Amino acid sequence: GVDINPDGCNKAVSGRSLIKQCNLDFENIPFPDNFFDGVLFAEVFEHLHPFRTRIVMQDIFRCLKPKGTLIFSTPNLFALENRFFMLMGGINSLGGGITPPHHTREYGIKEVVNVFKETNFTIKLIYFSYARDLVTVSESWKNIGRKLLYIPKRLIPSFRSGIFIIA
């Protein structure tokens, strides 16, 4: 696999995993065509420059063996807490926008599905996940909101905080 962090790569290599350092915003995946049986591309899409999303997805497709599987996840731009946030003007008390500062851009399901179609993936499953709603790493306003909005998200899947796709 690939990781942008050299420390992560070094730890993985010492554990006998095949990990290469790669910044997907500037480099192609450093593996040959039809190399992987499966790719886990979790919580990375939102960190890419929008001009690179299709290029990276094409590169993942190139590296997957025929009949290979891609497991993909990304935050849902239209999660219920984001909708409330937009109604409040999109600025929180810390001055941040709707997406965290370390995310280049978040996407809605239609945008993500279009990228999959444009890059030759066949989608086998699309699921709105509330794993992000249940597992929080801080007591930020957004994470507290996720917990408070759990019941409506159980009832209306598109309100959930994550997009999960198997292709």
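Residues are classed by relative accessible area: buried means under 20%, exposed over 50%, and partly exposed in between (1.4 Å probe, protein chains only). Helices (H or I, at least four residues) and strands (E, at least two) are DSSP runs, numbered from the N terminus. The model is predicted; local features need pLDDT of at least 70, side-chain atom pairs count only at pLDDT 80 or more, and totals for chains, interfaces and linings use all residues. Residues are numbered from 1 along each chain as its sequence is written, and side-chain values use heavy atoms, with hydrogens and water left out.

Helix 4 spans residues 109–118. Its residues V112, V113, V115 and F116 are buried. Seen down the helix axis, the buried residues of helix 4 fall within an arc of 155° (taken from the directions from the axis to the C-beta atoms), so they line one face of the helix. K110 and K117, on the other side of helix 4, are exposed. The cover over the buried residues includes helix 2 (53–63), strand 4 (64–75), strand 5 (125–129) and strand 6 (162–166). N120 follows helix 4 and has a positive phi, near 75°.

A nonpolar core is a set of buried Ala, Val, Leu, Ile, Met, Phe, Trp, Tyr and Cys residues joined through side-chain atoms within 4.5 Å. The largest such core has 25 residues. F41, M57, I60, L70, F72 and F116 have the most contacts inside it. Two or more residues each come from strand 3 (36–42), helix 2, strand 4, helix 4 and strand 6. Helix 2 gives the most, with four residues. In soluble globular proteins, nonpolar side chains tend to be buried together. Contact means heavy atoms within 4.5 Å. Leaving aside neighbours within four places in sequence, F41 is in contact with L24, L48, V56, M57, I60, L70, I71, F72 and S73.

Rings of Phe, Tyr and Trp (its six-membered ring) pair if their centres lie within 6.5 Å; planes under 30 degrees apart count as stacked, over 60 as edge-to-face and the rest as tilted. The whole structure holds nine aromatic pairs. F31 and F36 form an edge-to-face pair, 4.9 Å centre to centre with 70° between the planes. The ring centres of F35 and F36 lie 4.9 Å apart with the planes at 85°, so this pair is edge-to-face. F31 counts as buried at 5% relative accessibility, and F36 counts as buried at 18%. F35, at 33%, counts as partly exposed. Ring pairs also link F41, F45, F61, F72, Y107, F116 and F121 into a cluster.
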